[in-house]
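I keep this notebook to record what I looked up in a structure, one topic at a time. Each entry starts from something I wanted to find out.

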Amino acid sequence: MWARQTQRWSDFDFEGPARDGFAVDWPIRYKDIAPWYSYVEKFAGISGNKDGLDTLPDGEFLPAWELSCVENHFKDTVAKNYKDRHVIYARCAHVTKPEPIHIEQGRGQCQARNLCQRGCPFGGYFNANSTTIPWAKKTGNLTMRTHAVVQSIIYDEAKGKATGVRIIDANTKQSTDYFADVIFVNAGTVNTNLILLNSTSKRFPNGLGNDNGLMGKYFAFHNYRARISATYDGMLDSTTEGSRATAAYMPRFRNVYKQETNFLRGYAVTFSGYRSSATDTNGFGESLKNNLMAGATPGKWRVGSQCMGETIPKETNYISLDKNKKDEWGIPLVNISVAYDENDEKMIKDFMEQYTEMFTKAGFSDIKTSDSKQAPGLDIHEMGGVRMGKDPATSLLNEWHQLHLCKNVFVTDGACMTSTSTQNPSLTYMAFTARAAHHAVELLKKKEL
Ligand SMILES: Cc1cc2nc3c(=O)[nH]c(=O)nc-3n(C[C@H](O)[C@H](O)[C@H](O)COP(=O)(O)OP(=O)(O)OC[C@H]3O[C@@H](n4cnc5c(N)ncnc54)[C@H](O)[C@@H]3O)c2cc1C
Ligand code: SF4
């Protein structure tokens with residue numbers, strides 16, 4: 001249930017807060033995470049081209065699909081007119097040509113169709129069901145406890161560390177405690193915040209490791225409100241055949257090398273061009289069948305883009321636990337208090353202006369921009385609340401994703417993010433997780449956890 005877009009972050013992202021003066025400085029840089037990107041890319045199977053861009057580092061890629069001729073036309077127009085803007089094939093977690101590791105995982109080659117959101121019987125794209133869970137099961141060390149709602153992390157004051165998790169059985173509502181030396185809290189950003197805020201004890205009355213009161217705060221997301229669409233009258237002698245998992249992508253180009261606009265940070269943008277086709281569905285019985293069998297007549301090329309804007313984490317965007325209302329399992333409900341700000345509005349305006357200009361230069365017509373004005377939270381890529389940082393006074397996690405104040409608890413999902421960048425985040429969560437798990441094993445070997 002994800003769109004499988006997998007772009008690496010660069011130092012323009014990890015250095016962003018320090019350089020532009022918002023949030024707190026990331027405690028790591030690209031060089032710390034680069035080998036772990038490679039590690040997870042080889043395992044998951046990421047298709048893409050080596051594009052040589054400093055805003056979007058290259059990875060360990062399987063072959064990419066091709067851009068359509070109109071996408072190539074847009075790429076060429078942009079390259080001719082703007083030296084710092086690049087249209088590339090978006091990198092995605094599809095096995096376009098399986099390596100031995102993917103065969104060993106029991107996965108097959110992606111068939112390049114388009115119903116991935118229903119789940120893939122070939123394991124053609126990376127997800128937990130097709131890849132990580134069966135792989136972990138093979139080790140013989142995995143026990144899956146289903147229908148288990150984690151209520152909290154258990155903290156032992158005498159030992160000064162966490163000793164396990166308390167779960168409620170979703171069906172029987174019975175509570176059971178499980179014990180472990182190391183705990184990774186990876187319930188997805190919102191639920192990771194919920195579990196940690198709900199893990200209260202005499203030592204931590206406001207949530208595990210939350211002495212500074214910042215847990216749940218600096219919650220951020222991506223802004224997906226703005227789109228642009230148009231038609232193209234040319235290239236009517238060509239059309240597309242078959243399908244592909246994704247289309248073109250333009251990494252962030254605003255405020256990269258210098259602050260050049262009246263807003264902070266920038267946005268990445270998707271781009272796709274395809275010929276709309278109309279099938280004649282008139283008739284009834286034999287005439288309907290004949291009309292359908294006659295096939296679709298390709299119409300004009302339609303092109304479109306969507307903006308994925310970086311939002312700036314702010315203390316005033318936060319999630320908290322409801323003091324009165326609880327769910328079926330007696331766990332407090334989460335209240336989410338977030339809003340867009342002036343920076344987001346200016347960014348949307350800039351996207352619309354810049355893309356109208358680029359679409360016009362490419363000879364597209366009937367250009368239409370739209371702003372869904374949807375509430376934040378209807379987008380995806382929630383991040384933050386348990387952010388990483390160098391200073392325990394202003395962050396919750398250290399550079400290895402350990403809670404500053406409870407070192408055997410690790411958070412490597414979206415909750416750990418200090419800022420949001422403009423790239424899709426999940427590849428970064430995966431690389432963080434592999435790096436932190438490796439570190440936890442090293443600490444365990446040295447008996448330091
Ligand atoms: C429509 C859509 C498209 C997306 N497309 C992309 C994309 O193209 N690229 C990209 O990078 N990202 C994408 N994302 C985001 C991506 O899906 C997430 O970043 C990713 O799934 C996060 O993985 P995770 O393991 O941290 O959390 P999840 O996948 O959310 O897994 C968390 C798990 O924890 C369980 N859980 C939660 N609370 C508890 C509890 N209290 N007790 C027990 N279990 C609990 C949940 O049931 C869930 O199984 C998309 C998301 C959506 C919704
Ligand atoms: S296109 Fe088909 S084969 Fe490829 S990942 Fe999607 S569902 Fe699987």
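The entries below go from the ligand to a helix, then to the core, and then to single residues.

**Entry 1: the ligand**

I noted before anything else that this is a predicted model. I then asked which residues come nearest to ligand 1. The shell holds 20 residues, and those that come nearest are Ala 3, Arg 4, Gln 5, Val 150 and Ser 426. Sorted by class, I find eleven nonpolar, seven polar and two charged residues in this shell.

I next looked up distances between polar atoms. A polar backbone atom of Val 150 is 2.7 Å from a nitrogen atom of ligand 1, while a polar side-chain atom of Ser 426 lies 2.8 Å from an oxygen atom of the ligand. For Pro 425, a backbone N or O atom is 3.5 Å from an oxygen atom of ligand 1. Ligand 1 would expose 1,000 Å² if taken alone, and the protein buries 57% of that area. The elements that supply two or more residues to the shell are strand S4 (148-156), helix H7 (189-197) and helix H10 (426-445), and S4 makes the largest contribution, with three residues.

**Entry 2: helix H9**

I turned to helix H9, which covers residues 342-361 and has 20 residues. From its first C-alpha to its last it reaches 29 Å, close to the 28 Å expected at 1.5 Å a residue. At its N-terminal end I found a cap, Asp 341, with a side-chain oxygen 3.0 Å from the backbone nitrogen of Asn 343. Just after the helix, Gly 363 takes a positive phi of about 80°.

Which residues of H9 are buried? My list includes Asn 343, Asp 344, Met 347, Ile 348, Phe 351, Tyr 355, Met 358 and Phe 359. To read such a list I keep in mind that an α-helix has 3.6 residues a turn, so residues three or four places apart point the same way.

**Entry 3: helix H6**

For helix H6 (residues 128-138) I also looked up the ends. Asn 127 caps the N-terminal end, with a side-chain oxygen 3.2 Å from the backbone nitrogen of Asn 129, and just after the helix Gly 140 has a positive phi of about 80°.

**Entry 4: the largest nonpolar core**

I looked up which members of the largest nonpolar core touch the most others. The core has 49 residues, and the members in question are Phe 14, Ile 153, Leu 196, Leu 208, Val 386, Leu 403 and Val 409. Two or more residues come from each of helix H3 (30-44), S4, strand S5 (161-169), H7, strand S19 (406-410) and H10. H3 gives the most, with eight residues.

I located His 381 in the loop between strand S16 (365-371) and strand S17 (383-385). Is His 381 buried or exposed? Its relative accessible area is 13%, and because buried means under 20%, I count His 381 as buried. The side chain of His 381 makes a polar contact of 2.8 Å with the side chain of His 222, and a polar contact of 3.3 Å with the side chain of Tyr 224.

Arg 8 sits in the segment before helix H1 (11-14), and it is buried, with a relative accessible area of 4%. Its side chain makes polar contacts with the side chain of Ser 38 at 3.1 Å and with the side chain of Glu 41 at 2.6 Å.

Most residues other than glycine have a negative phi. With this in mind I wrote down Ala 23, which has a positive phi of about 50° although it is not a glycine. Ala 23 is in the loop between helix H2 (16-20) and H3, and at 28% relative accessibility it counts as partly exposed.

Asn 255 also is not a glycine, and its phi is positive, about 55°. I found Asn 255 in the loop between S11 and S12, where it counts as buried at 1% relative accessibility.

**Entry 5: Leu 264**

My last entry is on Leu 264, in the loop between strand S11 (248-250) and strand S12 (267-278). Leu 264 is partly exposed, at 25% relative accessibility. Between Leu 264 and Lys 346 I read 82 residues of separation in sequence and 9.3 Å in space, C-alpha to C-alpha.

Methods. Residues are numbered from 1 along each chain as its sequence is written. Chains are lettered from A and ligands numbered from 1 in the order in which they are written. This is a predicted model: local features need pLDDT of at least 70, side-chain atom pairs count only at pLDDT 80 or more; totals for chains, interfaces and linings use all residues. Side-chain values use heavy atoms; hydrogens and water are left out. A residue is near a molecule or strand if one of its heavy atoms lies within 4 Å of it. A polar contact is a pair of N or O atoms within 3.5 Å; within protein, one must be able to donate a hydrogen and the other to accept it, and residues adjacent in sequence count only if both atoms are side-chain atoms. Accessible areas come from the Shrake-Rupley method with a 1.4 Å probe; for residues, only the protein chains shown count as cover. Helices (H or I, at least four residues) and strands (E, at least two) are DSSP runs, numbered from the N terminus. Ala, Val, Leu, Ile, Met, Phe, Trp, Tyr, Cys and Pro count as nonpolar, Asp, Glu, Lys and Arg as charged, and the others, Gly among them, as polar. The expected span of a helix is 1.5 Å times one less than its number of residues. Buried means under 20% relative accessible area, exposed over 50%, partly exposed in between (1.4 Å probe, protein chains only). A nonpolar core is a set of buried Ala, Val, Leu, Ile, Met, Phe, Trp, Tyr and Cys residues joined through side-chain atoms within 4.5 Å.
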